[in-house]
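Q: Hi, could you walk me through this one? I'd like to start with the covalent links and then move on to the contacts.

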Amino acid sequence: MTTLTAVGHRKTRLRRQVRTGLLYAALVVVIVLLLFPFVWMILTSLRTQVQNTSPVPVWIFKPTMGNYRSVLEQHHFIQYTWHSFVVAVLATGIGLVIGLPAAYTISRYKQRGLAFAILAARITPYITFLVPWFAAFRFLHMVDTYTALVSTFLIVSLPLIIWLMITFFDDVPGDLEEAAKVDGAGEAEAFFRIVIPLSAPGIVAASILAFIFSWNQFLFALVLSGPHTQTVPVAVFNFITYGEINYGGLAAAAVLITLPVVVLALFIQRWIVQGLTMGAVKG
Amino acid sequence: MRGSWIDRNLSWVFPLPAVAAVLLLVLGPILTNLIFSVQNRSWGTFPPPSFAGLGNYVSVFTDSRFWNSVLNMAYFTAIAVPTETVLGFAVALLLNRDFYLKGVIRSLVLLPMIATPVAVGLIWSLMMNPELGILNYLLQVVHLPRSLWATSSKLAIPSVALVDIWEWTPFMTLIILAALQSLRTDQLEAATIDGANAWQRLFKIIVPVIRPAIVIAVVLRTIDALKTFDIIYVITQGGPGTASETLNLYAFKSSFLYLRIGYASSLLVVLALIVVGVAAFLNIWTRGAKS
Amino acid sequence: MPSNQFTEESKVAKKIILIVALSVLLIGAVFANGQKESPKSTQSSTTSTSGFNWQAYSGQTIRVMLDSHPWQKFIQPLVPKFEQKSGVKVQLQVYPEDQFRQKLLVDLSAGSSAVDSFMFMPAQDLSLYGKNGWLAPLGSYMNSKSETSSSFDYNDFFKGVRVRYDVGGKTYGIPLHVETFILFYRTDLFKKYGLKVPETMAQLASVAKALKQDLASSGQSNVFPIVMRGKTPDATSSMVNFLFSWGGSWFNSNGSCGLDSTASQKALAFYANLLRNYGPPDATSDSWQANTQLFAQGQAAMMYDSNVFKAIVSNPQSSKVVGKVGYAALPAGPDGNRHPTVLTWGLGINSASQHKAAAWYFVQWALSKQNQLGYLEAGGPSARSSAWQSSQFLNSSGYSKPWVEASNLQYRIAKGDWDPPVVNVQAGRNAYGLSIVSAIEGKNVNTALVAACTRMDKVVKEFGK
């Protein structure tokens, strides 16, 4: 009896260990697949052109900072980064000013119509907005201005902010505002003094999410930006020259572009899913 | 203090800026597209704008390049979304347990969908370069034939879809994972008590419960897949020829390369109708599934 | 009741929000009007009477948009010399060709004053840009002794080339080079396999076939017998020479689309078969950027493309086949004659520019005799006759007799429009280019060309010729 059970236990334990081992192996595979392009991007940025164009990948090499130096020095990159930063901050800031109050009333007063209209902005392909916008800005001689870029980037930031904040405001129990009103505060005061501070984590998350997606925006910047306002996603094309694609420079630029948003995302990872599914799924 | 004018009218004062923004940013452009679509116009002063009636729409529906672009859009979405869903589900199952470094792994899983698509697309196009790319080298190492990747007409869309799958499977994973983790213990207990095996447990009990989350994820992803522009533009520009040209890209080229604004606007109207139509259809079709 | 977690997080978050809000306001206030540069005051009128002065517009900044191209690569390192000489700051914007064309088109059609000077090809752009009034006429600058250096010598530019920039008696650009498509070949491989330089199209095909066998049998099957453009719309530039060689044309004498003629079908079939059988498998994605790299890395035995790319293949920094490259003229068509075309890139000035005069100073410096000679020595086919004839060039290491002869032969006999003679050239090139891609992929040539004509008819209908 005891011998049988002992063997039986050993077998199940072994099976479990094998299963766990396989699962860990699968996990490793998934992580490798997800991260490989990033790793490759970083490796490429640290190699020379000769190493990057070798038919056999060069795994062991002495890393060089030359690519990063050339990106930062020669190609106005810092200027473009500044443009991206300014536009993203403005689009986020204005998105907050416009979006927070609207999200509040949508949440409290169940304004489905407005919510639906915002949804339309999220669904419609950006190119649909771009052509009329270009026509308008062209007419007003406002192409290549921050005003033009920020206005169009609002199409990206506003729906994100509003929909995420609706779910956050939904979570703030209405009795706090009631209590404030009993004390003599008006609706608006209740909003500013009570609801906003309580939803602060959500506001931070919404802001960062909006910032990230503004930073990543390509199509609007491609057409509406010019030398005064060019953003980094567009600037990265400067590294594709004829004959030789400057692999190292391209990779270095890609790293520098992606780094800020990756860092920011790690701060708000809890809320990313919530933000991208417009609150339908809580992360 | 109490009952000031703002407070009494809060319900429309607060949303006012947003409504104005929507009118200006969303409605205005849509109307403009409709107007432009019945005209022949270009960006400069030449040729001068003229009325074209429904001529552009007739052109659109008799344009084989238009149908090709719609097909490409559908093909891309049909490859990307189901694959992302299935893979996302599998990875979510994998991550749905306590293990060492769980928080770190969850953070890493985010990265593909947060990284700037243009940068990601360029890196992938480097990796997929038929002569110098690392992917062909790896294929060679495991004795598989080298591929033309995105430079081949047949593989252009699948190659770009591959990049999209890499980028957005994490999205599906995180959603499904969240749903899995919110499973109530009684549901989980019901699953184990019956003595059913793992597969039965999975499909008969767990999936139906998390179905709403999956549905939302699929609907959102489908709409976003139809909207994809950045990675296609950066990797293939719609090529070779028009092999990977989606309606998005065709409209872009029509307006900014061929300067046919009237025609481009009619393409955009059709595109918007398609996307909205798909969104509405999916919404209605899955209405019952969303609790 | 709010949980403790709520209040704790919200305290921190409150601080963050405050900081962000303040920053937003600060930045917004500073940048509310964008970063528009106020146009600096233009030249003081005193200099105009005292003759030409390089420093007349010192202090201004101009923006020049360039295509990523051998000429750009040549001139870019020299630009600081111009900045020193004139005191004018130059901001260069360089893009790969596809993006360059789109970006320039967008900027010009936006009426933006952001671009002062730019590269353009008259065959592609003069009609469209001219009709839209985007190009500034250069006559007033060129004829003014105070705005143009006496050493500029406009007549030094080849006449046949410089007149391509004229419309209605006004000049809208200055050529920076004159190109023609020639046959590049590997002298070492031809010698090794005992091959003769093809003089006719038929010989071209048989040489390619022979190369394929020879390369395979000597274990070099990763070297392509020939590389040519397949990518749309770039392929039209090389295909058109074959079109003309078979007697085809863009339009028939009665004005209708000529691309579906029998001659055109034969030409396309030849080009597509040659590329499909003896070229790289991803030919439909290849333009000159990929092909010159292939050839320079030793992976192609022949290349048919612009003679300007001698700058790449004979440059030790970018080429592994220096000293092994031969140059020959386009083989003769079935009628026994060669039918090359000639192309030219030039510099133009944006009519909406606020710094036209300063931009003109850049143009005349960039295309000066000295710089054009330097370009020629680097392998670029200069547009100035003085450069080609100078003893400095003849004695330089950049001199190659076969290249000069092939180029000059083609310059003499070239005729015809290498771009469709329509206003909307991009759309016209695309109309033809898509059929080239189809044919290379092995689809029916006739069907592809009929479709090309359908597209071309639309282009003509909407924008005219």
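Q: What handedness does the link of Cys257(C) and Cys453(C) have about the S-S bond?
A: The link of Cys257(C) and Cys453(C) is left-handed, with -80 degrees about the S-S bond. Keep in mind that this is a predicted model.

Q: Where do the two cysteines of that pair sit in the chain?
A: They link distant parts of chain C, 196 residues apart. Cys257(C) is in the loop between helix H11 (235-245) and helix H12 (262-278), while Cys453(C) belongs to helix H21 (residues 445-463). The S to S distance is 2.0 Å.

Q: Are Cys257(C) and Cys453(C) buried or exposed?
A: Both Cys257(C) and Cys453(C) are buried.

Q: And how many disulfides are there over all chains?
A: The count is one disulfide over all chains.

Q: OK, changing topic to chains A and B. How many residues are in contact there?
A: On the chain A side there are 92 residues, in contact with 82 residues of chain B. The area buried between these chains is about 7500 Å², and carbon and sulfur atoms give 81% of that.

Q: Which three residues of chain A supply more of that area than any other three?
A: Leu34(A), Ile123(A) and Val131(A), which supply 8% of the area that chain A buries against chain B.

Q: What about charged and polar pairs between chain A and chain B?
A: There is one salt bridge between chain A and chain B. Asp224(B) pairs with Arg122(A) in a salt bridge, with the closest N and O atoms 3.3 Å apart. Eight residue pairs are in polar contact between the two chains. As for the side of chain A that touches chain B, its largest share, 15 residues, comes from helix H1 (residues 2-45) of chain A.

Q: Is H6(A) mostly covered or mostly open?
A: Mostly covered, as 10 of the 14 residues in H6(A) are buried. Val131(A) is one of the buried residues, which also include Phe129(A), Trp133(A) and Phe137(A). Just after H6(A), His141(A) has a positive phi of about 55 degrees.

Q: Back to salt bridges: how many over all chains?
A: The structure holds 17 salt bridges over all chains. One of them joins Asp164(B) and Arg221(B), at 2.8 Å from N to O. That pair links distant parts of chain B, with Asp164(B) in helix H9 (residues 156-181) and Arg221(B) in helix H11 (residues 198-227), 57 residues apart.

Q: Why do Asp164(B) and Arg221(B) count as buried?
A: Because buried means under 20% relative accessible area, and Asp164(B) has 1%, while Arg221(B) has 2%.

Q: How far apart in helix H19 of chain C are Lys401(C) and Glu405(C)?
A: They are four residues apart, about one turn of the helix. Their side chains meet in a salt bridge, 3.3 Å from N to O. Glu405(C) is partly exposed, at 46% relative accessible area.

Q: Last one: which residues of chain B are linked in a network of salt bridges?
A: Arg65(B), Glu245(B) and Lys253(B) are linked that way.

Notes
Residues are numbered from 1 along each chain as its sequence is written. Chains are lettered from A and ligands numbered from 1 in the order in which they are written. This is a predicted model: local features need pLDDT of at least 70, side-chain atom pairs count only at pLDDT 80 or more; totals for chains, interfaces and linings use all residues. Side-chain values use heavy atoms; hydrogens and water are left out. Buried means under 20% relative accessible area, exposed over 50%, partly exposed in between (1.4 Å probe, protein chains only). A disulfide is a pair of cysteine sulfur atoms within 2.5 Å. Contact means heavy atoms within 4.5 Å. Buried area is the accessible area (1.4 Å probe) that two parts lose on being put together, summed over both. A salt bridge is a side-chain nitrogen of Lys or Arg within 4 Å of a carboxyl oxygen of Asp or Glu. A polar contact is a pair of N or O atoms within 3.5 Å; within protein, one must be able to donate a hydrogen and the other to accept it, and residues adjacent in sequence count only if both atoms are side-chain atoms.
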